[in-house]
Amino acid sequence: MGVEVSVEGLTKSFGVQKIWQDVTLTLPSGEVSALLGPSGTGKSVFLKSLIGLLRPEHGKIFIDGTDILQCSSRELYEIRKLFGVLFQDGALFGSMNLYDNVAFPLREHTKKSESDIRKIVMEKLELTGLIGAEDKLPGEISGGMRKRAGLARALVLDPEIILVDEPDSGLDPVRTTYISQTLIDINAEIDATILIVSHNINLARTVPDNIGMLFRRQLVMFGPREVLLTSDEPVVKQFLNGTMIGPIGMSEEKDEAQMAHEQALVDAGHHAGGVDDVEGIVPQMKATPGTPVRQAVGRRQERVRQIMHTLPHSAQVAIQESLDSTDPGNRQVPAYAGGPDHEGTGYQQQPGQQQGYNQQGYNQQGYDQQGYDQQGYDQQGYDNTGYDDTGYSDQGHGPSQGRGQ
Ligand SMILES: Nc1ncnc2c1ncn2[C@@H]1O[C@H](COP(=O)(O)OP(=O)(O)O)[C@@H](O)[C@H]1O
Ligand SMILES: [Mg+2]
C-alpha cells in the first residue's frame with residue numbers, strides 16, 4: 001500500500017512573499033486526496049515541496065516516517081523514487097516519441113532489459129489509453145494525450161505516492177473525467193497514495209477521498225470529502241460551489257463593501273454563478289467494473305464514522321445518508337444522539353482525543369489558532385482589518401505578526 005505523507009507546520013516564502021504558513025495535514029496512505037485553492041495560492045509550490053524540489057523554511061515533511069527536510073541528500077534521492085509526478089504541463093521531452101518518454105525513468109533509474117522495459121511501457125500506455133500513439137512526438141498529439149503520456153511516465157516505477165498537478169488544465173470536461181477515472185482505477189489497482197492539485201470543482205466533488213483547501217496563505221481545512229462537502233466554512237462552501245458570493249474575490253482581498261454589493265445584486269435577482277443547486281455529498285466516482293474494490297473508500301468511511309459526533313447536526317444527517325448509500329455492507333452505526341453544541345466554536349473535539357483527531361487528517365486546528373475561526377469570521381465579517389491582525393495582509397510581509405494572540 002502507498003505510504004503516508006505527513007506535513008507539520010510547513011511554511012514557505014520566496015523572499016518577502018509568504019506563500020503559505022503553518023500547513024499541517026496528513027495524506028492518508030492509499031487514499032486519493034485533492035488540494036484545492038484559487039490560482040496563485042501555492043498549490044504547485046506545495047506539490048514541489050513534497051518531493052524536495054522546493055525547500056520550505058519551517059516545518060516537517062514526513063514521507064514514510066522520514067523528514068525530507070532533515071534527511072541526507074542520499075536519503076532524499078531514495079525517497080524520491082517512491083514518487084510518480086505529473087507536472088502541470090506534462091513535462092515531456094519534445095524530441096522523444098511517447099514510447100521513449102514513458103521509458104525514460106526506467107532507463108534512467110533501473111537496470112531493466114529493453115524487453116522488460118517494453119512490457120512495462122506498453123502496460124502503462126494501455127492503462128492511459130495511448131496504445132497506437134507510441135511513435136508520436138509530444139508536439140503531434142492533443143493536450144489530453146500529453147497529460148495521459150505524462151501520467152503513464154509517472155507510473156512506470158510503480159510509485160507509492162502519485163502527485164498530479166492540475167490534471168484538468170487545458171482539458172475539456174469529458175477528457176478530464178477520463179483522466180479522473182484513470183486515477184481512481186490506478187488507486188484501486190495499486191492502492192497508491194495520490195494527491196491531486198486542482199481548482200476544478202467537479203473533480204473536487206467527485207474524485208478525492210480527502211479534500212484540502214488553501215486560501216490566503218492558510219490551509220483552511222483538510223479532511224474526508226464527507227466533511228468538506230457538508231461544511232459551512234465560508235471559503236470552502238464558496239469554492240466548492242464556484243459562486244461569487246463569499247470571501248473569495250477576483251483579487252486576493254475582498255472587502256466588506258464589495259461583499260455587500262455582490263449580495264445586493266444577487267438579492268435583486270442576479271445569478272452569482274456556480275452550481276449551488278447541487279450542494280451536499282454528491283456520489284464519488286467508482287473504480288471501473290473489473291478493477292479491484294477500492295480499499296480507500298472503506299478506510300475513509302471508517303475515519304468519518306469516528307469523527308461524526310464532532311460535526312454539526314445537519315452535516316451528520318447528510319453524512320449518515322451518504323454512508324448508508326455507499327457502504328455496500330451497510331453496517332450499523334450509532335444514530336446521532338444530540339452531541340455537543342457546535343455553534344460558534346466550529347468542530348470541537350472530545351477531550352483526550354486530540355491526537356487521534358489529527359491523525360485522522362481532519363485538520364482545522366491551524367486555522368483556529370490563527371484567530372481565523374468560525375466565530376471571529378462571522379462576527380467581524382471579512383474586513384481587511386481582521387486579516388491584517390492575523391497576518392493575512394499583503395502589506396504585512398514580515399513573519400506572521402499578530403499570531404499566537
Ligand atoms: N520558484 C519560484 N520563485 C519565486 N516565486 C515563485 C516560485 N514558484 C512559485 N512562485 C510564486 O508562488 C506563488 C504561488 O504559485 P503556485 O504554487 O504556482 O500557485 P498555484 O499552483 O496555486 O496556482 C505565486 O505567486 C508564484 O509567483
Ligand atoms: Mg499551479
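At what angle do α3 and helix α4 (residues 114–127) pack, and how far apart are their axes?

## Packing of α3 and α4

α3 and helix α4 pack at about 125°, and their axes are 10 Å apart; axes are lines fitted to C-alpha atoms, for helices over the stretch in contact, with angles from 0 to 180 degrees between N-to-C directions. α3 is therefore oblique to α4, given that angles under 35 degrees count as roughly parallel, over 145 as roughly antiparallel, 65 to 115 as roughly perpendicular and the rest as oblique. Helices (H or I, at least four residues) are DSSP runs, numbered from the N terminus.

The contact involves Tyr99, Val102, Ala103, Leu106 and Arg107 of α3, together with Ile117, Ile120, Val121, Lys124 and Leu125 of α4; two residues are in contact if their C-beta atoms, placed from the backbone, lie within 7 Å. By class, eight of these residues are nonpolar, none polar and two charged (Ala, Val, Leu, Ile, Met, Phe, Trp, Tyr, Cys and Pro count as nonpolar, Asp, Glu, Lys and Arg as charged, and the others, Gly among them, as polar).

## Basis and confidence

This is a predicted model, in which local features need pLDDT of at least 70 and side-chain atom pairs count only at pLDDT 80 or more, while totals for chains, interfaces and linings use all residues. Residues are numbered from 1 along each chain as its sequence is written, and chains are lettered from A and ligands numbered from 1 in the order in which they are written.

The chain has a mean pLDDT of 79, with 78% of its residues at 70 or more; pLDDT is the predictor's confidence in each residue, from 0 to 100. Over residues 329–405 the pLDDT is below 50, and this stretch has 99 contacts in the model beyond near neighbours in sequence.

## Packing around α5

Helix α3 (residues 98–109) and helix α5 (residues 143–155) have axes that come within 7 Å and cross at roughly 30°. α3 and α5 are therefore roughly parallel to each other. Leu98, Asn101, Val102, Phe104 and Pro105 of α3 meet Ala149, Ala152 and Arg153 of α5.

The axes of α5 and helix α6 (residues 173–190) come within 10 Å, crossing at roughly 10°, so α5 is roughly parallel to α6. Their contact divides into four nonpolar, two polar and three charged residues.

Around ligand 1 are Phe14, Ile19, Gly37, Ser39, Gly40, Thr41, Gly42, Lys43, Ser44 and Val45 (C-beta atom, placed from the backbone, within 6 Å). Three are nonpolar, six polar and one charged. Helix α1 (residues 43–50) gives the most to this shell, with three residues.

Key
Helix = DSSP H or I, 4+ residues; strand = E, 2+ residues; numbered from the N terminus.
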